[in-house]
Amino acid sequence: MKVGCLKTALLAIACTLAIGAGAQTAGNNIELIVPFPPGGSVDPIARALQNGMKDSLGGEALVIMNMPGAGGTIGTARVARAAPDGRTIGITTVGPLTTQPHMAKLSYGVDDFTYVCRTHVTPQVLVVPESSPFKTLREFVDFAKANPDKVVMSSTGIGSLPHLAAVEFGQLAGFQWLHVPSKGDSDAARLALGGEITGWVAGVQTYVQLAPRLRALGILQSERNPALPDVATFKEQGYTLNSAGWGGLIVPKGTPAAIVDRLSNACAAATHTPEFEQILRNLRVPQGYLPAAGFAAFVNSEYARYGKLIQATGAASTNK
């Protein structure tokens, strides 16, 4: 073989090896799909997991891919379509998994995933303006029962988690109320402070930002939140009602159990790091980790619960 030909052959082999090595390196990454825009409330959780899971996964990197749209269902659907090999995982929330499937015809269902771990919960509180005469849930309920057309509550829309929590509270306590959708918590605060609504169910992180102007009548949990020790639970006040936002890691259905266990163990480690626990403290939310089996049972329970509530609101899809 001539020297020139030999050099050409060796160069081709070197290029082939380099390409193969690059493909192998890329293949060691795990794609973490976040079905919401960058900078949203799920992003800090995802980025903390990105850092915290790496060591437990033997140095494999989680590469975050934001895929927003349609309330989180576009990115969640992408996870359902991925190969069940553990190379694509998603972090999604209560809406795309347990409420929106009841309200619209989607390309996936709650059974199209294997559940890896619950990563966080965001408890909700029933809030009223500081100027409100109501100091307890009992006072609120007594007024609502006596004045069924005068209690006006807000939420981000029919079928949203705050709306469903208010629906469930009304059913449980036996009172009627009027619904005024808002463009978000800041809009709901404006409506409340302007006297246009009686109150609304808000996430704790929203409440703490507006606390000087708002009063929390109760937190929708069975136990008090250590970050808000002075806010009584609904259960303490006679109403057994839990309602919280939450999120967790999912993979496509059919992912081998060994891979799911490995990811869940890495998630357990990541959600108990100092970095992650500081995020929880900043958000005023409790530790919310659940392993794979616990998360799966929790999602199915929430799915059934919200299906009944959405049916009661008339928002259930007729095209499912």
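Reply: Contact, or touching, means heavy atoms within 4.5 Å. This is a predicted model, in which local features need pLDDT of at least 70, side-chain atom pairs count only at pLDDT 80 or more, and totals for chains, interfaces and linings use all residues. Residues are numbered from 1 along each chain as its sequence is written, and side-chain values use heavy atoms, with hydrogens and water left out.

Me: Which residues does A232 touch, not counting residues up to four places away in sequence?

Reply: A232 touches L217, G218, I219, R224 and Q237, with that exclusion applied. A232 lies in the loop between strand 8 (214-219) and strand 9 (244-252); strands (E, at least two residues) and helices (H or I, at least four) are DSSP runs, numbered from the N terminus.

Me: What separates the C-alpha atoms of A232 and F175?

Reply: Their C-alpha atoms are separated by 21 Å, and the two residues are 57 residues apart along the chain.

Me: Changing topic, which residues of helix 9 are buried?

Reply: In helix 9 (residues 257-270), V260, L263, S264, A266, C267 and A270 are buried. Buried means under 20% relative accessible area, exposed over 50%, and partly exposed in between (1.4 Å probe, protein chains only).

Me: Why do they line one face of the helix?

Reply: Seen down the axis of helix 9, the buried residues fall within an arc of 160°, so they line one face. The arc is that of the directions from the helix axis to the C-beta atoms.

Me: And which residues are exposed on the other side of helix 9?

Reply: On that side, A257, A258 and N265 are exposed.

Methods:
Expected span 1.5 Å × (residues − 1).
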